Amino acid sequence: MTRRRSIPWWAELPLISVSIATVAGFIRVYDSWDFLGQLLAFALGAHALAIATRRLRIPALAVVALALGGAAVATGLILFPGTTAFGLPTSATWQAAQEALRTAREQYPVVIAPTEVQPGFQLAAGLALWLAAWFGDWAAHRLRATAEAVAATAASFVFCSVLASGRYDLACAVAFGATVLWFVAVQRSLAVEREQAWLPTNRATSRALRRSAAAVALVALALGAAFGPSLPGARSEAALDWRGGQGGDRQRVTVSPMVEIRKRLVDQSNREVFRVRASEPAYWRLTSLDSFDGEIWSSSGEFKRAGEELPTSAPTDIDFRPVRQQVTIEALAAIWAPTAFEAVSVTATETPLRWDPDSSTLIVDSSEPTSDGLSYTVVSQVPSFGPGQLQRARGTDPAVIRQRYLGLPSDFPFLASDTARQVTAEADTRYEKALALQDYFRQEFDYSLEPTSGHGDTAIEQFLRSGEGYCEQFAGTFAAMARSLDIPSRVAVGFTPGNASPDDPDLYRVYGRHAHAWPEVYFPEVGWVAFEPTPGRGMPGAEEYTGVAPAQDPGQPVNITTTSTTATATTAVPQGEDQPQATRPPQSQRTESGAAAADEAADGGGGSNTWRIVALAVVAVAAFAGAVLRRRRVAARQAASRTPADRAWARVTAVLERRTGAEPTSSDTPVELAERAAPEVGDALAADLRSLAELVTAARWSSDGLAPDDQQRLDALAEAVVSALEHPAAAPA
């Protein structure tokens with residue numbers, strides 16, 4: 001068995017640094033640095049164990065077992081230490097890990113970066129880093145690969161980039177790029193040394209390569225970090241929107257405000273979210289959710305810049321009353337701008353707004369991370385429906401409505417659809433069916449903040465069997481059951497009116513506990529109509545057709561009683577002409593610079609930057625060219641100093657290492673290397689290899705060099721050995 005050369009300790013550091021930079025990159029998806037210690041423990045533990053098994057030359061099968069077993073031990077010690085026994089994982093560790101991953105799977109579609117550190121997310125990230133470290137060590141130091149060694153780690157870094165919040169993007173990219181370039185330079189220099197480790201000239205080549213690579217890398221990173229964001233097109237829209245949209249004329253993926261609102265609701269948050277001065281109270285609507293996949297309600301819409309007049313999808317022959325609202329947002333911590341349904345005009349401050357008429361959703365431009373601090377005036381046309389008008393709405397639903405608002409998963413629970421049919425068995429019209437569903441929930445169910453939340457199939461069945469829940473369950477289950485009856489429906493999310501000020505009855509202060517969700521049903525030639533299935537809640541202005549008096553959280557002093565609940569759902573907002581980007585909890589959140597910054601970027605960052613860009617570009621090109629020329633001169637001098645025997649032996653040892661694993665060390669003589677490799681190449685080839693090694697040794701130490709006949713024999717032996725190694729099937733037995 002041949003002896004592989006040990007990797008010097010300093011050559012281990014670059015790959016480890018790549019993992020550390022990748023770990024640090026997770027700050028882009030988390031809201032604090034609390035994740036750092038645990039993920040570093042996973043990454044560094046994996047590298048330490050991989051290095052130990054490699055240096056101890058443990059067999060491959062045992063290495064695989066150690067890698068998997070080490071991951072299990074690390075999971076218990078790092079994330080669930082209370083479940084371990086003497087540091088080893090137990091069944092309790094397995095159960096805790098399963099529960100953490102299940103929770104992470106539920107939360108992943110409905111949170112957006114930056115999010116809080118959670119065990120499930122940490123476990124998934126930690127295991128990915130663990131496997132990436134093992135794969136990288138195996139590829140780099142066993143297979144001598146370069147790109148493959150950082151591929152798995154790069155995948156983790158890119159994954160974080162896709163979900164990134166927009167914070168620390170430049171710093172993380174520079175750190176990751178620098179460590180990868182360091183690793184590539186060291187890996188390449190080791191390859192040069194291995195080509196002919198016995199000759200000192202090659203070690204000089206290796207050192208020169210590392211210096212040249214470091215110089216070029218530093219210049220490239222400095223230029224990219226300093227001037228990349230200012231280059232023309234840096235803030236333009238992507239040619240391919242692979243990221244799901246982060247601004248400009250692109251898609252925007254974000255999350256329903258109910259992710260944050262649910263926490264406010266369950267905690268009964270008394271923090272003021274926003275205040276509204278209005279001519280009458282209303283449900284202050286944020287957005288609507290139109291797609292249900294069995295677990296999550298989500299939405300998509302085309303957002304365009306909001307002018308003073310807002311286009312709507314409401315019919316023109318419906319009676320409306322105007323409601324003027326002056327809104328000031330304090331702590332919504334999201335991109336939405338609440339309005340009464342349905343807004344028709346808006347006047348904002350300097351902050352630009354965007355509007356989607358299909359979902360009646362108003363959001364801030366991507367130049368603002370949240371709507372906090374925003375003040376604006378909006379006028380809404382609140383419809384005045386009567387029971388008779390809704391009873392007569394028997395027309396045909398438009399095709400676009402049916403296509404978008406009737407979808408249900410193929411495994412939608414039979415219990416839910418069967419219950420819907422039973423509840424509405426005596427109803428003839430759409431209005432009667434919607435009213436029957438509303439009354440069924442209000443009369444047969446209780447409001448509670450304790451039951452299991454969510455919209456998965458199991459959650460709907462649990463909700464229907466338990467007979468209690470809060471508005472997430474009421475609104476989502478109502479809408480899903482209505483769809484099972486072929487009634488277009490969606491879920492609206494927002495807030496109930498809030499508390500009217502004692503000194504100013506037209507001023508409503510809305511707190512976190514007023515978060516709410518309610519269903520909306522589509523009626524032909526009428527449009528979207530809200531219903532209220534949550535017990536103890538009632539929408540102002542809708543009592544004539546719902547039969548429900550205005551009401552909200554009865555424990556709070558308000559002029560109008562109205563609601564306090566939540567709905568969990570993601571909102572995926574595909575962008576239209578000019579779209580901002582996501583804010584608050586993971587699928588992707590970022591901030592875009594505003595129109596003025598985008599225009600400046602399109603002009604190349606302004607005239608003042610032009611000369612700097614040109615000058616530094618010239619410096620970079622000159623530095624790169626100088627490094628390349630210097631490297632070529634060094635290589636030429638070293639090549640000239642090599643004898644023909646040295647060049648022939650270098651070729652043989654390179655092929656020998658690649659085919660047999662016999663790697664030359666810095667102290668090996670040609671004869672010693674030939675002896676070590678002999679068992680791997682067969683008797684006939686071993687004899688040729690020994691003869692070749694003796695001739696190379698004679699050529700190096702002879703003052704007059706080899707005689708012409710000996711040189712010809714050396715060349716012939718070298719050619720024969722290389723040919724036999726490259727084509728073993730053709731070699732003589």
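Rings of Phe, Tyr and Trp (its six-membered ring) count as a pair if their centres lie within 6.5 Å. In this predicted model, ring pairs of that kind join Phe 385, Phe 478, Phe 523, Phe 531 and Tyr 545 into a cluster. The structure holds 23 aromatic pairs. This briefing then turns to charges over rings, cysteines, helix packing, backbone geometry and contacts across the sequence.

**Aromatic rings and charges**

- A pair of aromatic rings is described by the distance of the centres and the angle of the planes.
- The cluster is made up of Phe 385, Phe 478, Phe 523, Phe 531 and Tyr 545, linked by ring pairs.
- Some rings have a charged side chain over them: the charged end of Arg 28 sits over the ring of Phe 157, 4.3 Å from the centre of that ring.
- Arg 490 is placed over the face of Trp 528, and the distance to the ring centre is 4.0 Å.

**Cysteines**

- A disulfide is a covalent bond between the sulfur atoms of two cysteines.
- The count of disulfides in this model is zero, where a disulfide requires two cysteine sulfur atoms within 2.5 Å.
- Cys 160 takes part in no disulfide, and the nearest cysteine sulfur, which belongs to Cys 172, is 8.7 Å away.
- Cys 172 is likewise in no disulfide, its nearest cysteine sulfur being that of Cys 160 at 8.7 Å.
- Cys 160 has a relative accessible area of 2% and is therefore buried, the limit for buried being under 20%.
- Cys 172 is also buried, because its relative accessible area is 7%.

**Helix packing**

- Two packed helices are described by the angle between their axes and the distance between the axes.
- Helix α2 (residues 36-55) packs with helix α3 (residues 60-79) at an angle of about 155°, and their axes are 10 Å apart.
- The helices α2 and α3 are therefore roughly antiparallel to each other, since angles over 145 degrees are counted in this way.
- The crossing in which α2 passes α3 is right-handed.
- Helix α19 (residues 644-660) and helix α22 (residues 708-726) pack at an angle of about 15°, with 10 Å between their axes.
- The helices α19 and α22 are therefore roughly parallel to each other, since this term applies to angles under 35 degrees.
- The crossing of α19 and α22 is left-handed.

**Backbone geometry in loops**

- A cis peptide bond, with omega of about 5°, joins Phe 341 and Glu 342.
- Glu 342 belongs to the loop between β7 (320-329) and β8 (343-348).
- Arg 57 has a positive phi of about 55°, although Arg 57 is not a glycine.
- The position of Arg 57 is in the loop between α2 and α3, the two helices described above as roughly antiparallel.
- Glu 525, also not a glycine, has a positive phi of about 65°.
- Glu 525 lies in the loop between β17 and β18 (527-530).
- Glu 525 counts as exposed because its relative accessible area is 63%, and the limit for exposed is over 50%.

**Residues separated in sequence**

- Tyr 522 is part of strand β17 (residues 515-523) and counts as buried because its relative accessibility is 12%.
- Tyr 522 and Ile 401 are 121 residues apart in sequence, while their C-alpha atoms are 8.3 Å apart in space.
- Ser 384 is located in the loop between β11 (375-383) and α10 (387-391).
- The relative accessibility of Ser 384 is 31%, so this residue counts as partly exposed.
- Along the chain, Ser 384 and Glu 544 are 160 residues apart, and 8.8 Å separates their C-alpha atoms.
- Ala 420 is found in helix α12 (residues 414-423) and is buried because its relative accessible area is 0%.
- Arg 402 and Arg 483 are 81 residues apart in sequence and 9.8 Å apart in space, from C-alpha to C-alpha.

Methods:
Residues numbered from 1 in each chain as written. Predicted model: local features only at pLDDT ≥ 70, side-chain atom pairs only at ≥ 80, totals over all residues. Heavy atoms only, no water. Phe/Tyr/Trp six-rings, centres within 6.5 Å; stacked < 30°, edge-to-face > 60°. Lys NZ or Arg CZ within 6 Å of the ring centre and 35° of its normal. Buried < 20%, exposed > 50% of the residue type's maximum accessible area, 1.4 Å probe, protein only. Axes fitted to C-alpha atoms, helices over the stretch in contact; angles between N-to-C directions. Helix = DSSP H or I, 4+ residues; strand = E, 2+ residues; numbered from the N terminus. Parallel < 35°, antiparallel > 145°, perpendicular 65-115°, else oblique. Left-handed = near helix turned anticlockwise from the far one by under 90°.
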